[in-house]
Amino acid sequence: MVNKLNGIMLALALLPAVASASHWGYEGIESPEHWAELNKDWEQCQKGQNQSPVDIRQTFQAHVRPLKTFYTSSPDLLLNNGHTIQATWSDEDKASYIKLDDEKFTLRQFHFHAPSENTVNGKHYPLEMHLVHQDDDGEVAVVAVMFETGAVNAELEKLWQVMPDHADKSSQLPIKIDVNKLLPSDKTHWRFTGSLTTPPCTEGVRWVVLKHPLTVSAQQLEKFTSVMHHANNRPVQKLHGRMILE
Ligand SMILES: [Zn+2]
């Protein structure tokens, strides 16, 4: 038993060297064009044919059904994971959800990218928020909200006041966040299928990109980019025949 334990301890001691091969980022050898080389489980990042983000340019009138949001609970934690700032719900909290394709997707977390990952006619917005939802089978639906520079965003400010300024730090959220105030009142949107925009770049993700942006002040934007130290957007990916519906 002692020998076996020693063996486990040895294996654990060796782990960090192996695990460091799976760091990823947005710059240098860890940048998006290298993600597939960093870990064999991330090959979709290179081989996938339904990857995100995308440039929204040619769209098809399909009269997509309105997005129905039922956001009633507040996230309890704000995390700086070194890749983004993320607000997270506890696993037990399933009170906030959307209805998409007559299916219920529970809101798990939302996070931010600057500049935006998806683009519209080749144009980046300065900030994009991703609300990440999951159904009971683990299928993922992301609702994306764009921000343009303008007036201070009051709801965002509640988060920004407690933004953890170093990677792997988190803050308990002292006040309630109303996610509905982080959505435009007009929820018309584009629909397409895509992937996670970070490793392992898993496909089969339902994307809903809201057409109407909110505002973020220049100072709020500056706070996010200075805490992140660098842009955290993956470049747009080829559509490979996918259609963007509206
Ligand atoms: Zn994202």
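Predicted model: local features only at pLDDT ≥ 70, side-chain atom pairs only at ≥ 80, totals over all residues.
Visitor: Where does C201 lie?
Guide: C201 lies in the loop between β12 and β13. Strands here are DSSP runs of E, at least two residues long, and helices are runs of H or I of at least four, both numbered from the N terminus. Residues are numbered from 1 along each chain as its sequence is written.

Visitor: Is C201 buried or exposed?
Guide: C201 is buried, because 26 other C-beta atoms lie within 10 Å. The cut-offs are 20 or more for buried, 12 or fewer for exposed and partly exposed in between, with C-beta atoms placed from the backbone.

Visitor: What about its phi?
Guide: C201 has a positive phi of about 60°, although it is not a glycine. Most residues other than glycine have a negative phi.

Visitor: Which residues does the cis peptide bond with omega of about 10° join?
Guide: That bond joins P199 and P200. P200 is in the loop between β12 (189-195) and β13 (203-210).

Visitor: Switching to H229, is that buried or exposed?
Guide: H229 is exposed, because it has 11 other C-beta atoms within 10 Å. H229 also has a positive phi, about 75°, and sits in the loop between α5 (218-228) and β15 (244-245).

Visitor: And T72, what is it in contact with, leaving aside neighbours within four places in sequence?
Guide: T72 is in contact with A95 and S96, where contact means C-beta atoms, placed from the backbone, within 7 Å.

Definitions and conventions: Contact = placed C-beta atoms within 7 Å.
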